[in-house]
Amino acid sequence: MNIWYISKYASPLKYGFATRHFYLSKEFEKKGINTTIISSDSNHLVNFPNFTQTYNQENIDGVETWFIRTKKYYGAHSFGRILSWFDFEWKLLKWSKKDLDTPDVIIVSSLSIFTIVSGLILRKKYGVKLIFEVRDIWPLTITEVAGTSNYHPFILLLSRIEKLGYRKSDIVVGTMPNLKEHVNNLLNVEKEVYCIPQGVDIELYQNPEKLSEEYIQKYIPKDKFIVGYAGTIGKSNALDTIVDVAEKLKDNEKIHFLLVGDGDYREELMERSSGIENLTFAPKVKKAQVQSVIQYCDVLYDSVIDSKLYDYGLSRNKWIDYMFAGKPMLVSFKGFKSMINEAENGYFVKPENTEELMEKIKELYHLPSKELMEMGQRGKDWLLENRTFDKLAEKYLKILKNA
């Protein structure tokens, strides 16, 4: 079997940020499945080299990889990002691909959702099976998180492409556990939809890069019960609630809140929380240092806005980070529940509910250390049992072979 795995935003760890495409492809190769990743060098999260050719081949961890040089953009919400999508599709389709092995299966992985159109064209050309892999539900993400109207011309275009992809692809695979409900509601028919969630990179997690002594001294409080968050600090991360809890507990000298990360809402949130002494904002760390920083926490927190987008579930890299750390988790989320409830390593609380979150933090604070450790360990054990990439790849290949 030859697989083409196409995603504009597939990136390897060697360029700063590894996506699931590389982990899964590496496992496919170990199982004797020839895999080629086709991606772009235009990605606001990754530091690619300055390619001089349009089509650039590399062998990365045994996986043949092609990066298409495309229009650069700055910022996730820029118009240039959309132009870069179209540039990728145009160059993908006009490429002769004579140096690639003919595929038996093509996996098209969003984002960008426009790649499913290219996938349909390539499927017809090569007479192969097409898998539509959904990592973000577009355009629902834009309408729910950004508040864009359902009747905006661009949203209407994306909606038509989304339905086309679901309807015409041979199989739909989603990272979210309840995507099938969304797809079937949209199409008004039963469509086969599978879940292959995010996985854990054991090698990266077992050998984290250490924090500098200066970082530890400046940002990690000593002799405190630390409730930590590590990730993007944006509006959609709904961190106002944890800041409100910190303010309510400001007289408790034992509980401290640590927010690690960067984002477009960080400065505003810092300004809003000025004077709250039991709350620390620490700078973003490298992916390879995440385990090092969250090991200093006693409880790990995550949150999202209250949105129907999450009725279809989440498979967040952050939850995998947290579970591997072996720490209890608190998540402000009321959508389709998975992972934490399955592992029994923490609690879901209602989103944007300050009182419930505060009470649950106080409850965990008063638990014996042994119980906290056992709770966190349950999460790590569940993760290693269910979410290693070798097991996810095996499940994926069963789906592909039956396509």
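Let's start in the middle: the largest nonpolar core has 138 residues, and Ile 242, Phe 257 and Tyr 396 touch the most other members. Helix H16 (residues 389-401) gives this core its largest share, seven residues. A nonpolar core here is a set of buried Ala, Val, Leu, Ile, Met, Phe, Trp, Tyr and Cys residues joined through side-chain atoms within 4.5 Å, and buried means under 20% relative accessible area, exposed over 50%, partly exposed in between (1.4 Å probe, protein chains only). Helices (H or I, at least four residues) and strands (E, at least two) are DSSP runs, numbered from the N terminus.

Keep in mind that this is a predicted model: local features need pLDDT of at least 70, side-chain atom pairs count only at pLDDT 80 or more, and totals for chains, interfaces and linings use all residues. Residues are numbered from 1 along each chain as its sequence is written, and side-chain values use heavy atoms, with hydrogens and water left out.

Now for the rings. Those of Phe, Tyr and Trp (its six-membered ring) pair if their centres lie within 6.5 Å; planes under 30 degrees apart count as stacked, over 60 as edge-to-face and the rest as tilted. That rule gives 21 aromatic pairs. Take Phe 225 and Tyr 365: their ring centres are 5.3 Å apart and their planes at 80 degrees, so this pair is edge-to-face. Phe 225 belongs to strand S9 (residues 225-230) and Tyr 365 to helix H14 (residues 354-365), so the pair ties together parts 140 residues apart in sequence. Phe 225 is buried at 9% relative accessibility, while Tyr 365, at 25%, is partly exposed.
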